[in-house]
Amino acid sequence: MATLNQLEAFVTTVSTGTFTGAAAELKMSQPAISDLIRRLEAELGAKLFQRGARQLILTAEGEELLPFARQSVVAARMGASAVRAVQSLGGGTATFGLLRNAEFYLRTDLARNFHLAHPNVRIRLVGQNSWETGRDVTKGQLDAGLVTLPIDDEELDVLPLARDEIVYVTADKRRAQKPPSIVDIAGAPLVLYDAHYARTDPARRQLNDRAQLSGVSLEPKIEVEYLTTALSLVAEGFGDTIVCRSAVASEVEPRGLTAISMAEPMYDTLALVKRRGMSLSPATREMAALAFSALVTHARSEVGTVELIPIDGLLEPFLG
């Protein structure tokens with residue numbers, strides 16, 4: 001089978017007309033070019049050139065080969081150029097998953113800031129439940145993601161970054177008088193969101209685990225898909241819900257609701273995830289670093305409620 005070096009030597013010889021000219025253009029010796037052409041002819045079982053008075057002349061077989069050889073050489077050069085562009089963030093795609101409530105933590109516009117810094121890199125940001133993000137990273141459908149724990153991580157590398165308290169939200173002043181225990185929560189009318197992920201959503205998994213350990217069960221009165229819907233129902237007196245502390249100022253307080261800590265405080269842990277042992281592409285590595293930077297900025301702001309987890313020296317090795 002013809003090699004790329006042989007085809008490149010052939011195409012360049014055609015364009016320059018001589019082995020010497022091809023050698024000069026490819027920065028090789030003339031004997032090396034002659035040898036590549038000889039081996040290509042042996043592979044094909046056909047002569048590709050005839051010697052003219054001043055330059056080489058293509059045979060009929062050479063004429064047939066030329067367009068395909070040019071196509072192969074151009075494709076290889078374009079491929080090499082694309083790889084170099086990806087490595088230099090001059091091209092490629094940043095593929096990254098975000099937890100559904102990312103706007104509470106990443107106050108800056110992640111896509112906008114990334115595009116301003118790297119305008120030639122395509123962006124694919126997928127916002128969904130953290131369980132789905134973990135699954136899609138495991139399957140290779142996403143390169144990496146920012147999630148809340150716990151998720152199934154058998155095939156993932158996980159780097160915890162911060163934690164945010166999960167608080168109990170109610171419109172009933174009586175139920176807001178003291179931090180509720182898991183038994184109190186199980187006995188209250190509950191309006192829970194992420195209905196599609198009742199068994200896999202990280203916060204609901206934590207609640208269900210606590211209930212199981214206490215010998216009670218959680219049976220929501222109403223289940224809906226979105227947080228805003230649940231909070232509206234709570235404001236109308238249909239029941240109580242839970243929410244991350246970072247959402248209180250923007251989503252809970254405007255509805256006149258009360259948010260209180262649980263008797264045994266519970267937390268969302270925010271983490272970066274990627275496939276186990278895999279290195280991230282330069283574009284996705286930059287997106288993950290930008291997401292972490294935005295999270296740090298939020299944590300240190302006046303409205304920040306998350307507590308950063310010390311990761312000294314761990315981020316760079318994780319990003320690979």
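Two exercises with worked solutions follow.

The model is predicted, so local features need pLDDT of at least 70 and side-chain atom pairs count only at pLDDT 80 or more, while totals for chains, interfaces and linings use all residues. Residues are numbered from 1 along each chain as its sequence is written, and side-chain values use heavy atoms, with hydrogens and water left out.

**Exercise 1.** Determine how strand β5 is placed in the structure.

*Solution.* Step 1: β5 covers residues 144–149; strands are DSSP runs (E, at least two residues) numbered from the N terminus. Step 2: six of its six residues are buried, so β5 is largely enclosed by the rest of the structure; buried means under 20% relative accessible area (1.4 Å probe, protein chains only). Step 3: in a regular strand, side chains alternate between the two faces of the sheet. Step 4: Ala144, Leu146 and Thr148 point one way from β5, and Gly145, Val147 and Leu149 point the other way.

Step 1: two strands pair if DSSP finds at least two bridges between them. β5 pairs with β3 (residues 93–99) in the parallel sense over three bridges, with glycine 97 as the bridge partner of glycine 145. With β11 (residues 266–275), β5 runs antiparallel, joined by six bridges; there valine 147 stands opposite alanine 271.

**Exercise 2.** Describe the surroundings of leucine 272.

*Solution.* Step 1: leucine 272 lies in β11. Step 2: leucine 272 is buried, at a relative accessible area of 1%. Step 3: its contacts (heavy atoms within 4.5 Å) include Gly145, Leu146, Phe96 and Phe318, not counting residues up to four places away in sequence.

Terms used:
Buried < 20%, exposed > 50% of the residue type's maximum accessible area, 1.4 Å probe, protein only. Helix = DSSP H or I, 4+ residues; strand = E, 2+ residues; numbered from the N terminus.
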